[in-house]
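I am opening a notebook page for a structure I have not looked at before. My plan is to go from the whole chain down to single side chains.

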Amino acid sequence: RGSPLGAVPAVAGALATLASNVITTPLDVVRTRVMVEDGQEASAGKRGNALEQFRELLQSGNSSEIWSGLDWRIARGIVAGGIQFTVL
């Protein structure tokens, strides 16, 4: 029979997924920028690294760029995390 505590794993999973998405989204944005830049500048012999890209993002003053894609990751992740923690 259903227990009121059955919602606890779902909420815990959703919160854990939310936290991980907030931490990893900026890293994914930087990684993607490095990969794109490497492809574009490989012929010029110039390669940027992740720290340079991160610094550039922070100095640009456009904070929304570093969080690009977070809204969709959160929407998908809260549902998936809740289900995963409840079922498994």
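The entries below record what I looked up, in the order in which I looked.

**Entry 1: the whole chain.** I note at the outset that this is a predicted model, and I read every value below as computed from it. I counted four helices and zero strands in the protein, and from the N terminus on the elements run α-α-α-α. Of the 88 residues, 24% count as buried. I then looked up the accessible surface, which comes to about 6300 Å², with 64% of it belonging to carbon and sulfur atoms. For contacts with a separation of 6 or more, I found that residues 24 or more positions apart account for 70%.

**Entry 2: Thr 25.** Is Thr 25 buried or exposed? I found Thr 25 in helix H1, which covers residues 7–41, and its relative accessible area is 1%, so it counts as buried. Leaving aside residues up to four places away in sequence, I see that Thr 25 touches Ile 66, Trp 67, Ser 68, Leu 70 and Arg 73. With Arg 73 there is also a polar contact of 2.8 Å between the two side chains.

**Entry 3: Arg 73 and its partners.** I looked up the accessibility of both: Arg 73 is buried, with a relative accessible area of 18%, whereas Asp 28 counts as partly exposed at 27%. I also recorded that Asp 28, Arg 31 and Arg 73 are linked in a network of salt bridges.

**Entry 4: Arg 33.** Which helices does the pair of Arg 33 and Glu 56 tie together? The closest N and O atoms of their salt bridge are 2.8 Å apart; Arg 33 lies in helix H1 and Glu 56 in helix H2, so the pair ties together parts that are 23 residues apart in sequence. Arg 33 meets Glu 65 as well, in a salt bridge of 2.5 Å from N to O. Glu 65 belongs to helix H3 (residues 63–66) and Arg 33 to helix H1, so here the parts tied together are 32 residues apart in sequence. Each of these residues counts as partly exposed: Arg 33 at 23% relative accessibility, Glu 56 at 43% and Glu 65 at 30%.

**Entry 5: the ends of H2.** I looked at what caps the N-terminal end of helix H2 (residues 50–59) and found Asn 49, with a side-chain oxygen 3.1 Å from the backbone nitrogen of Leu 51. Just after H2, I noted that Gly 61 takes a positive phi of about 80 degrees.

**Entry 6: a nonpolar patch.** Which residues make the nonpolar surface patch of about 300 Å²? I found that Val 79, Ile 83 and Val 87 make it. Val 79 has its place in helix H4, residues 70–87, and with 52% relative accessibility it counts as exposed, the cut-off being over 50%. As a reminder to myself, an α-helix has 3.6 residues a turn, so residues three or four places apart point the same way.

Note on methods
Residues are numbered from 1 along each chain as its sequence is written. Side-chain values use heavy atoms; hydrogens and water are left out. Helices (H or I, at least four residues) and strands (E, at least two) are DSSP runs, numbered from the N terminus. Buried means under 20% relative accessible area, exposed over 50%, partly exposed in between (1.4 Å probe, protein chains only). A polar contact is a pair of N or O atoms within 3.5 Å; within protein, one must be able to donate a hydrogen and the other to accept it, and residues adjacent in sequence count only if both atoms are side-chain atoms. Contact means heavy atoms within 4.5 Å. Patches are made of residues with over 30% relative accessible area and no salt bridge: like charges are joined within 9 Å, nonpolar side chains (Val, Leu, Ile, Met, Phe, Trp, Tyr) within 5 Å. Accessible areas come from the Shrake-Rupley method with a 1.4 Å probe; for residues, only the protein chains shown count as cover. A salt bridge is a side-chain nitrogen of Lys or Arg within 4 Å of a carboxyl oxygen of Asp or Glu.
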